[in-house]
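Please keep the sequence and the structure in view while reading.

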Amino acid sequence: MKCFNDDTRRFFLCGMRLFFGAWLLYVGLSKWIFMGPHTFVGYITADFDKTWSPHVLNVLLAWLIMIAEPVLAVLILSGKKARKVWTLTSLLMFLLTLGQTILMKPDVIANWQYLVLTLLCAALSDPDPV
């Protein structure tokens, strides 16, 4: 595997691409396959409709999550435009973190870890110096 011959930064990014991309693809596809779109949207809106967030926004965000997770996963696994893809993924992680905060769930700290990790991958995804 080419990853084993890379410097530390490239090795880390290669591993993150493989592991985080595969995990995010599983998470994204499981919502479509195991839960189904309407069940997932209903689950999200049932929780968030109890907050100040308007129902229409809750539905839109649920669909955004369902579409963004598998699409970003495929883009991460492809390795193309890494900085942009990791940045978009960190924005998704921030959205999920904000959602957990709105729901006042104490496990929001796990979402912060994903946010920091994806932002680190975006930062390390600089083009190689000439």
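Is Trp 32 buried, partly exposed or exposed? With a relative accessible area of 33%, Trp 32 counts as partly exposed; the classes are buried for under 20% relative accessible area, exposed for over 50% and partly exposed in between, with a 1.4 Å probe and protein chains only.

The model is predicted, so local features need a pLDDT of at least 70 and side-chain atom pairs count only at pLDDT 80 or more, while totals for chains, interfaces and linings use all residues. Residues are numbered from 1 along each chain as its sequence is written, and side-chain values use heavy atoms, with hydrogens and water left out.

## Overall fold

The protein chain has five helices and zero strands, in the order α-α-α-α-α along the sequence. Helices (H or I, at least four residues) and strands (E, at least two) are DSSP runs, numbered from the N terminus. The C-alpha trace spans about 50 × 25 × 25 Å along its principal axes. Of the 130 residues in the protein chain, 37% count as buried.

Contact here means heavy atoms within 4.5 Å. Taking contacts between residues at least 6 apart in sequence, 68% join residues at least 24 apart. The protein chain exposes about 8200 Å², and carbon and sulfur atoms supply 74% of that area. Accessible areas come from the Shrake-Rupley method with a 1.4 Å probe; for residues, only the protein chains shown count as cover.

## The nonpolar patch

Trp 32 sits in helix α1 and is one of the residues of a nonpolar surface patch of about 810 Å². Patches are made of residues with over 30% relative accessible area and no salt bridge; like charges are joined within 9 Å, and nonpolar side chains (Val, Leu, Ile, Met, Phe, Trp, Tyr) within 5 Å. Both α1 and α3 supply at least two residues of the patch, and α1 gives the largest share, five residues.

## Helix α5

Helix α5 covers residues 108-124, which is 17 residues, and reaches 25 Å from its first C-alpha to its last, close to the 24 Å expected at 1.5 Å a residue. The expected span is 1.5 Å times one less than the number of residues in the helix.

Which residues of α5 are buried? They are Val 108, Asn 111, Leu 115, Thr 118, Cys 121 and Ala 122. These residues lie on the same side of α5 because they cover an arc of only 135° around the axis; the arc is that of the directions from the helix axis to the C-beta atoms. The buried residues of α5 pack against α1 (8-35) and α4 (82-102). On the face turned away from this buried side, α5 carries the exposed residues Ile 109, Gln 113 and Val 116.

## Salt bridges

A salt bridge is a side-chain nitrogen of Lys or Arg within 4 Å of a carboxyl oxygen of Asp or Glu. By this rule the count is three.

| Pair | N to O distance |
|---|---|
| Asp 7 and Arg 10 | 3.9 Å |
| Lys 31 and Glu 69 | 2.8 Å |
| Asp 47 and Lys 105 | 4.0 Å |

In the pair of Asp 7 and Arg 10, Asp 7 is partly exposed at a relative accessible area of 40%, and Arg 10 is partly exposed at 32%.

Lys 31 forms a salt bridge with Glu 69. This pair links distant parts of the chain, with Lys 31 in helix α1 and Glu 69 in helix α3, 38 residues apart. Lys 31 counts as buried at 12% relative accessibility, and Glu 69 counts as buried at 4%. Helix α3, which holds Glu 69, runs over residues 55-78. Leaving aside residues up to four places away in sequence, Glu 69 touches Leu 24, Val 27, Gly 28, Lys 31, Leu 92 and Leu 96.

The side chains of Asp 47 and Lys 105 also meet in a salt bridge. Asp 47 lies in helix α2 (residues 37-48) and Lys 105 in the loop between α4 and α5, so this pair ties together parts that are 58 residues apart in sequence. Asp 47 is partly exposed, with a relative accessible area of 22%, and Lys 105 is partly exposed at 30%. Apart from residues up to four places away in sequence, Lys 105 touches Asp 47 and Gln 100.
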